[in-house]
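Hi,

Here is the structure I promised to pass on. Have a look at it first, and then read on for what turned up.

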Amino acid sequence: MTVSITGVHPYAEKFPMLGEAELAELAESIAENGLRNPIVLTPDGLILDGRNRSAACERAGVSPTTIVYEGDDLAEYVIDCNSSRRHMSTGARAMATALVLSEDGRRGEGRWRRGTVNQISDLSDGYRVALNNAGIILDHSPDLAEQVIHGNLALDAAYRRACDARD
């Protein structure tokens, strides 16, 4: 099945794009070596994985190769693809992951839905705490989420503000 890129899935948008220098470097690499990993799309053409590769291909004038995701859990796929290989702080990864899970309906009434946190591949104690703190931020100070993801505010500082807002 051939599918064209029609946009970006909202879950993929929760993770930040590369900075200008890294994107330029990726475009140069793709121009010299080609696209090594295809861009992963939903059946309707939304990018699940590969926004940076897509942008770099466009800059390099290279037509990207794409494949269609055939699994049944878009949120888990996007989290697995993005959170483990990004140069993001633990807090930023946890915040982006929390946004995806929340948008997927896995948070309500101040809690993660049963089993949600255990499905995440990075289950270190620090990451579990960070993910729980990110949930508190989403519940009480959601406007801070983007600042955490982009490294403008540490997760623990945002968490303290959220706790102040809650109390």
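Two strands count as paired here if DSSP finds at least two bridges between them. Helices (H or I, at least four residues) and strands (E, at least two) are themselves DSSP runs, numbered from the N terminus. Before the details: this is a predicted model, where local features need pLDDT of at least 70 and side-chain atom pairs count only at pLDDT 80 or more, while totals for chains, interfaces and linings use all residues. Residues are numbered from 1 along each chain as its sequence is written, and side-chain values use heavy atoms, with hydrogens and water left out.

**The sheet**

There is an open sheet of 4 strands with mixed pairing, in the order E1-E3-E2-E4. Its edges are strand E1 (7-8) and strand E4 (66-68); each has a single partner strand, so one side of each has no neighbour in the sheet. E1 and E3 pair in the parallel sense over 2 bridges, and Gly7 stands opposite Leu46 in E3. Strand E2 (residues 39-41) and strand E3 (residues 46-49) run antiparallel and are also joined by 2 bridges, with Val40 opposite Asp49 in E3. The hairpin of E2 and E3 has 4 residues between the strands, and Gly45 takes a positive phi near 90° there.

Two helices lie across this sheet. For the angles, axes are lines fitted to C-alpha atoms (for helices over the stretch in contact), and angles run from 0 to 180 degrees between N-to-C directions; contact means heavy atoms within 4.5 Å. Helix H2 (residues 51-60) lies across E1, E2 and E3, at about 120° to E3. H3 lies across E2 and E3 and runs at about 55° to E3.

**The cores**

A nonpolar core here is a set of buried Ala, Val, Leu, Ile, Met, Phe, Trp, Tyr and Cys residues joined through side-chain atoms within 4.5 Å. Buried means under 20% relative accessible area, exposed over 50%, and partly exposed in between (1.4 Å probe, protein chains only). In the largest core, which has 37 residues, Met95, Ala98, Leu131, Ile137 and Leu155 touch the most other members. The elements giving two or more residues to this core are helix H3 (74-83), helix H4 (90-103), helix H5 (125-140), helix H6 (145-149) and helix H7 (155-166). H4 gives the largest share, 8 residues. A second, separate core has 11 residues, including Val3, Ile30, Leu35 and Leu41.

Not counting residues up to four places away in sequence, Leu131 touches Ala94, Thr97, Ala98, Leu101, Trp112, Val117 and Ile120.

**Rings**

Rings of Phe, Tyr and Trp (its six-membered ring) pair if their centres lie within 6.5 Å; planes under 30 degrees apart count as stacked, over 60 as edge-to-face and the rest as tilted. That gives 1 aromatic pair. Tyr69 and Tyr77 have ring centres 4.5 Å apart and planes at 35°, so the pair is tilted. Tyr69 is buried, at a relative accessible area of 18%.

A charge sits over a ring if NZ of Lys or CZ of Arg is within 6 Å of the ring centre and within 35 degrees of the ring normal. Arg107 lies over the face of Trp112, at 4.7 Å from the ring centre.

**A few single residues**

- Ser83 lies in helix H3 and is buried, with a relative accessible area of 5%. Leaving aside neighbours within four places in sequence, Ser83 is in contact with Phe15, Arg93, Thr97 and Tyr127.
- Ala12 is in the loop between E1 and helix H1 (20-33) and is buried at 3% relative accessible area. Beyond neighbours within four places in sequence, Ala12 is in contact with Ile47, Leu48, Arg51 and Val78. Ala12 and Ala75 are 63 residues apart in sequence and 8.7 Å apart in space, C-alpha to C-alpha.
- Arg53, in helix H2, counts as buried at 13% relative accessibility.
- Glu109 is in the loop between strand E5 (107-108) and strand E6 (111-112). Glu109 is exposed, with a relative accessible area of 83%, and has a positive phi near 55° although this residue is not glycine.

Cheers
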